[in-house]
Amino acid sequence: MRLRLTLAVGISALAFAALGAAPAGADPQKGEVLAIECDALGSLDVVIFSNGRGSPGLVVGSTQVGIPYKLQLEGTFTPAGGGDPETFTDEWEHPAPKNGRLDHCTFHQEETGPEGTAVIDGEVWISYTPSR
């Protein structure tokens, strides 16, 4: 259960989740790296540095930042050693920025820990800085 909640919060964080922007020289080792596939921007690796909703994500290898304004995710947590899988969802939305730089992205993440395995699929709508 703890792993499931940690993953859901971490991915909602991706979903980049509510605090300050990451520095341009950010070290991916100090944040969670999430691979996302965006309609306009293509494949990106994004580093998320907090677990709050709407936190910006720094695009690895650039100074570009994505700020989520909508998230939908669903997942399944399977306890180690058997047991019934649990499903969960998370959804939130803020008003879309009016900057003209908006994109729709998807992601998939799987993680196994001592408590079990979580599989999460999601969609995130972002506003992004123009440089790449």
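Visitor: Which residue in β7 does Q72 stand opposite?

Guide: In this predicted model, Q72 stands opposite E123 of β7.

Visitor: What makes β4 and β7 a pair of strands?

Guide: Pairing requires at least two bridges between the strands. β4 and β7 have 13 bridges, in the antiparallel sense, and therefore they count as a pair.

Visitor: How many bridges join β4 to β5?

Guide: β4 and β5 run antiparallel and are joined by 8 bridges. T76 stands opposite T87 in β5. Their hairpin has 6 residues between the strands, with G81 at a positive phi near 80°.

Visitor: Why is the link between C38 and C105 called a disulfide?

Guide: The term applies to cysteine sulfur atoms within 2.5 Å of each other. The S to S distance of C38 and C105 is 2.0 Å, so the pair qualifies as a disulfide. The structure holds 1 disulfide.

Visitor: Why is the disulfide of C38 and C105 described as right-handed?

Guide: The torsion about its S-S bond is about 100°, and the disulfide is therefore right-handed.

Visitor: Are C38 and C105 buried or exposed?

Guide: Buried means under 20% relative accessible area. C38 has 4% and is buried; C105 has 0% and is likewise buried.

Visitor: Why is I67 called partly exposed?

Guide: I67 has a relative accessible area of 39%, so it is partly exposed. I67 is placed in strand β4. I67 and T129 are 62 residues apart in sequence and 8.6 Å apart in space, C-alpha to C-alpha.

Visitor: What makes K70 a charge over the ring of W125?

Guide: The distance limit is within 6 Å of the ring centre, and the charge must also be within 35 degrees of the ring normal. The charged end of K70 sits over the ring of W125, 4.5 Å from its centre.

Visitor: How many aromatic pairs does a search of the whole structure find?

Guide: The search finds 0 aromatic pairs.

Visitor: Which residues have the most contacts inside the largest nonpolar core?

Guide: I36, L44 and F107 have the most contacts inside this core, which has 20 residues. At least two core residues come from each of β1, β2 (42–48), β4 (65–79), β5 (86–93), β6 and β7. The largest share, 5 residues, is that of β7.

Visitor: What joins β6 to β7?

Guide: A hairpin joins them through 2 residues. β6 and β7 (residues 116–128) pair in the antiparallel sense over 12 bridges, and the bridge partner of T112 in β7 is T117.

Technical notes. Residues are numbered from 1 along each chain as its sequence is written. This is a predicted model: local features need pLDDT of at least 70, side-chain atom pairs count only at pLDDT 80 or more; totals for chains, interfaces and linings use all residues. Side-chain values use heavy atoms; hydrogens and water are left out. Buried means under 20% relative accessible area, exposed over 50%, partly exposed in between (1.4 Å probe, protein chains only). Helices (H or I, at least four residues) and strands (E, at least two) are DSSP runs, numbered from the N terminus. A nonpolar core is a set of buried Ala, Val, Leu, Ile, Met, Phe, Trp, Tyr and Cys residues joined through side-chain atoms within 4.5 Å. Rings of Phe, Tyr and Trp (its six-membered ring) pair if their centres lie within 6.5 Å; planes under 30 degrees apart count as stacked, over 60 as edge-to-face and the rest as tilted.
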